[in-house]
Amino acid sequence: MSAPKVSVVIPAYNARVTVLDSVKSALAQTLAPLEVIVIDDGSTDGTGDAVREAFGESVDLITQANRGVAEARNRGVSVARGEFVQFLDSDDMLVPGKLRASYDACAAYGCEVAYGPARYVAEDGRTPVAMTFPPLPSGEVLAEWLTGTMSNGTYGVASSMFVRRDALMSVGGFEKDCTPCEDWDMWIRLAAKYRFAALDQPLVIYRVVPGSLSSQALRMARGRLNTVRRARELTEVKSLLGEGKLNELEAGRWHVYAVRLWESGKRAEARAAFTEANRMVPSSMRSAFRLMSYALPAKSTATLSRVLQLMRGKNPTKE
C-alpha cells in the first residue's frame, strides 16, 4: 500500500527566528510529507529569504501581502496536493512521529481529523513551560468543542491538527473575523460534520512567545464572541443545543467582551456590549455591571466578577 500523501502548511509572518526549526521538524517526519508549504504572509524580516536559503526547492515557498493567519492558512490549503493537511505554526515544531501517528489514528477509527496535546516550551524552544492537558475527546465531539472540554479552543492547538483535505474544503476556509480564534471556529465546523481522533501523547512542541495573539485579551474576547455567533448558525449546532442554550452561550461571550472593553477604557462600547448580553439573557447583575462601568475603574471588573460567581454559585462569564 502506498504511503499516505500529507501536505504540511506553515503560515509565517516575521518568523525568521523560529520558522527554520518548524520546517526542519516537518522534513524530519518518519512519514515523509509529500510537500512542506510555507506561506510568507508579508514578512518584513526576511522570513522568506531565510527559508529559501536554508531549504531551497525542498520547500514550496509562497509569498503574499500581509493578510493575516486565516488567509495564509487558506492559501496553503488551496494549493496543497496531499490527501491530508498537517497544520504547523511557524513558532511550533512537530515530534518526528507526528504525521504517522495522526494518519494511523484516522485510519484506525475512521476519522477525518486527528489532534492531540502539546508540550509547551519557552521562547528558546527548549525550556519546559507547565501546561496540563485533560483527556481529549474522540468520536462525535461537537458538544465538547462548544460547551465541554474543548470550549474556547484552549486545548485545540492548531499545530496538532491533521485533517483530511476534502473535509477542510467542504466546510470552507478559516474565517479572519474570528482571529485570533479562527482555528476554534474551524474545529467547530469540522466537528459538526466529522469525527475526531485524539492522540494520547504530545507530538507537538508549542513555543510560548511573549506578546503572541493568545495574550491579547480584547482581541481574544472578540474572536470568541464572533466564533460563537457563527457557530450558532450551523444546523448541527442548533439541533444540539437549542435556542435557549445558544442565547446563554452568546450572552456569556458578550459579557466577557464587555468586560474586556471596559478594561481597555472603551466604556461606551462596553455598555453597548453589556446591553446586548442582557437583551439575550436578562440579568440584574449584568445591568449592575453596565451601570458601574460609567464610573468605576477597570480594575473593578475582577472583584465584580468574583461577586457575581459567589451570588450565582457558578461562573456565568466563562471565558
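Predicted model: local features only at pLDDT ≥ 70, side-chain atom pairs only at ≥ 80, totals over all residues.
Me: What should I know about the model before reading it?
Reply: Local features need pLDDT of at least 70, side-chain atom pairs count only at pLDDT 80 or more, and totals for chains, interfaces and linings use all residues. Residues are numbered from 1 along each chain as its sequence is written, and side-chain values use heavy atoms, with hydrogens and water left out.

Me: Is strand S2 buried or exposed?
Reply: Buried means under 20% relative accessible area, exposed over 50%, and partly exposed in between (1.4 Å probe, protein chains only). Strands are DSSP runs of E with at least two residues, and helices are runs of H or I with at least four, numbered from the N terminus. In S2 (residues 35-41), 7 of the 7 residues are buried, so the strand is largely enclosed by the rest of the structure.

Me: Which residues of S2 lie on each side?
Reply: In a regular strand, side chains alternate between the two faces of the sheet. Here Glu35, Ile37, Ile39 and Asp41 are on one side, with Val36, Val38 and Asp40 on the other, and both faces are covered.

Me: How do the axes of H9 and H11 cross?
Reply: Axes are lines fitted to C-alpha atoms, for helices over the stretch in contact (heavy atoms within 4.5 Å). Angles run from 0 to 180 degrees between N-to-C directions. The axes of H9 (residues 235-263) and H11 (residues 284-292) come within 11 Å and cross at roughly 20 degrees. That makes H9 roughly parallel to H11 (under 35 degrees; over 145 is roughly antiparallel, 65 to 115 roughly perpendicular, the rest oblique).
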